Structures are given as C-alpha cells and as structure tokens.
Amino acid sequence: MKIMPALLGKISSNQIMAVFTAGLFFFSMLQWQITRDTFRIGNRAYIGVKDAKIWQTGPVDPTTGRTQLTTENNRPRIGPSPVMEVQLVNGGNTPAADVTGWAAIDVVSEVISRDGPRPMPPGTNTSLISRRDLAKDAAMSYGMGRVLSPTELDGIMHGTLFLMIYGQTTYRDGFGGDRECTYCYFYQVRVDDVVSCPGYNRMK
C-alpha cells in the first residue's frame, strides 16, 4: 500500500506538467485532423452520374446527311442504331480539376455485377474523355452509338443480351486528392429504359 505514495513522491510537478502538456498536444492535433478531414469531405468535388438515357436514331436528314435522333418519348426506346448517353455532374462544393477518363458501349450477355478496377476496352466502341476542369454544379454528357445486328437486337428484345454503357472518370479535388467515378447502365427491355448495373457504380 506504500508503493504508490512512494512512487508519486518521486514524480516531480514538472514531470506531471510535461505529461499533461504532451497529452493536451496529442488531443489537440487529433481534433485538428478531424476538423480538417470533415472540412475536406464537406467541401471537396464529387463527380457522379446525374442521368442516363437511350434513344433510337431516326432517318438521315437529306439537307445535312446526318442521322437524326428521335425524341426520348418514342417507344420502344431502342432500335437498330441506338444512342446511349450518360450525364456526369460535379455535385460537390469546389471545382474538379484534370477530369478525364473513358466510356464504352457494348452488347453483353451479362452486365457488370461487381465493383473493382476494369481496364479500358479496346475498339471503336470506346471513347476517350478529353482532359478538362468541371466547376461546381457543372455537368458534362457523353453519348455513344452502336449499330446492332439483327441477332443482337433480337437478343436484347428477348432479355438474353444487354446493351450496356460503362466507364471511368478520374479527377483531382480542390485539396489535391485523386478521385474516381465509375458507372454502368444498361437497357432493360422490361421497363423500356436505362437502369443501373448491379455493380461498378461508385464514387471514390
């Protein structure tokens, strides 16, 4: 029972003050880091998908020679030469810098069901996103067309094949952090509209 008083007697007031000061400094730094991280989370740039659409293409305009896009209200939304579009928006409170990435459109038998990195697919059905900055609340859209073979269109209409658009966008937030947005959408014949894939839709 006399050990504690004897031990305390050997500790000077200066040593106690030093321990107290060190503890106070530690908790102050921890509080500062929490405050800083909270500020960054609340004010950084966040790029995500605002909307995804699909249109079928109409006849060629005789005056311009270009294929016309039909209105979104035309049913069904898919046809032999559909166009899918994904709109990305910066929903954060600061601009996103060096925004770049890729988007691809393809006909698949299974849509993406898991998250995780995916390499940019080769071929003409992939589009590179030019580097740019994206202000707060600003949006950018990427539309891609795909000519479907009769077999592909028949498979899509019977739910055995899926027309899918997916991609990856990278950028830097206002605090120097490297960020990423991945997305995946496909045409669902049962609802005659574009719906999100089970996986690959995330913001980091």
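Predicted model: local features only at pLDDT ≥ 70, side-chain atom pairs only at ≥ 80, totals over all residues.
Local features were considered at pLDDT of at least 70 and side-chain atom pairs at pLDDT 80 or more, whereas totals for chains, interfaces and linings use all residues. Residues are numbered from 1 along each chain as its sequence is written, and side-chain values rest on heavy atoms, with hydrogens and water left out.

The protein chain contains 3 helices and 10 strands, where helices (H or I, at least four residues) and strands (E, at least two) are DSSP runs numbered from the N terminus. In order from the N terminus, these elements follow the pattern α-α-β-β-β-β-β-β-α-β-β-β-β. Among contacts (heavy atoms within 4.5 Å) between residues at least 6 apart in sequence, 69% join residues at least 24 apart. The accessible surface, computed by the Shrake-Rupley method with a 1.4 Å probe, comes to about 12,500 Å², of which 58% belongs to carbon and sulfur atoms. Of the 204 residues, 36% count as buried; buried denotes under 20% relative accessible area, exposed over 50%, and partly exposed the range in between, with a 1.4 Å probe and protein chains only.

In soluble globular proteins, nonpolar side chains tend to be buried together. A nonpolar core is here a set of buried Ala, Val, Leu, Ile, Met, Phe, Trp, Tyr and Cys residues joined through side-chain atoms within 4.5 Å, and the largest such core has 28 residues, with Ile-47, Leu-163 and Tyr-183 making the most contacts inside it. At least two residues of this core come from each of β1 (47-60), β3 (82-90), β4 (96-108), β5 (126-134), β6 (139-145), β7 (162-172) and β8 (178-188), and β4 gives the most, with 5 residues. When neighbours within four places in sequence are left aside, the contacts of Ile-47 include Leu-88, Val-89, Ala-96, Val-99, Leu-134, Tyr-171, Cys-181 and Met-203. Apart from this core lies another, of 12 residues, among them Tyr-166, Cys-184, Phe-186 and Tyr-200.

The structure holds 8 salt bridges, each defined by a side-chain nitrogen of Lys or Arg within 4 Å of a carboxyl oxygen of Asp or Glu. One of them links the side chains of Asp-98 and Arg-172, at 2.8 Å from N to O; because Asp-98 lies in strand β4 and Arg-172 in strand β7, the pair ties together parts that are 74 residues apart in sequence. Asp-98 is partly exposed at 26% relative accessibility, and Arg-172 is likewise partly exposed, at 34%. A salt bridge is also found between Asp-137 and Lys-136, at 2.9 Å from N to O, with Asp-137 exposed at 54% relative accessibility and Lys-136 partly exposed at 37%. In the salt bridge of Asp-51 with Lys-53, the closest N and O atoms are 3.9 Å apart. Asp-106, Arg-146 and Glu-152, in turn, are linked in a network of salt bridges.

A search of the whole structure finds 1 disulfide, the criterion being a pair of cysteine sulfur atoms within 2.5 Å. This disulfide joins Cys-184 to Cys-197, with an S to S distance of 2.1 Å, and the torsion about its S-S bond is about -55 degrees, so the disulfide is left-handed. Cys-184 lies in strand β8 and Cys-197 in the loop between β9 (193-196) and β10 (202-203), so the pair ties together parts that are 13 residues apart in sequence. Both Cys-184 and Cys-197 are buried.
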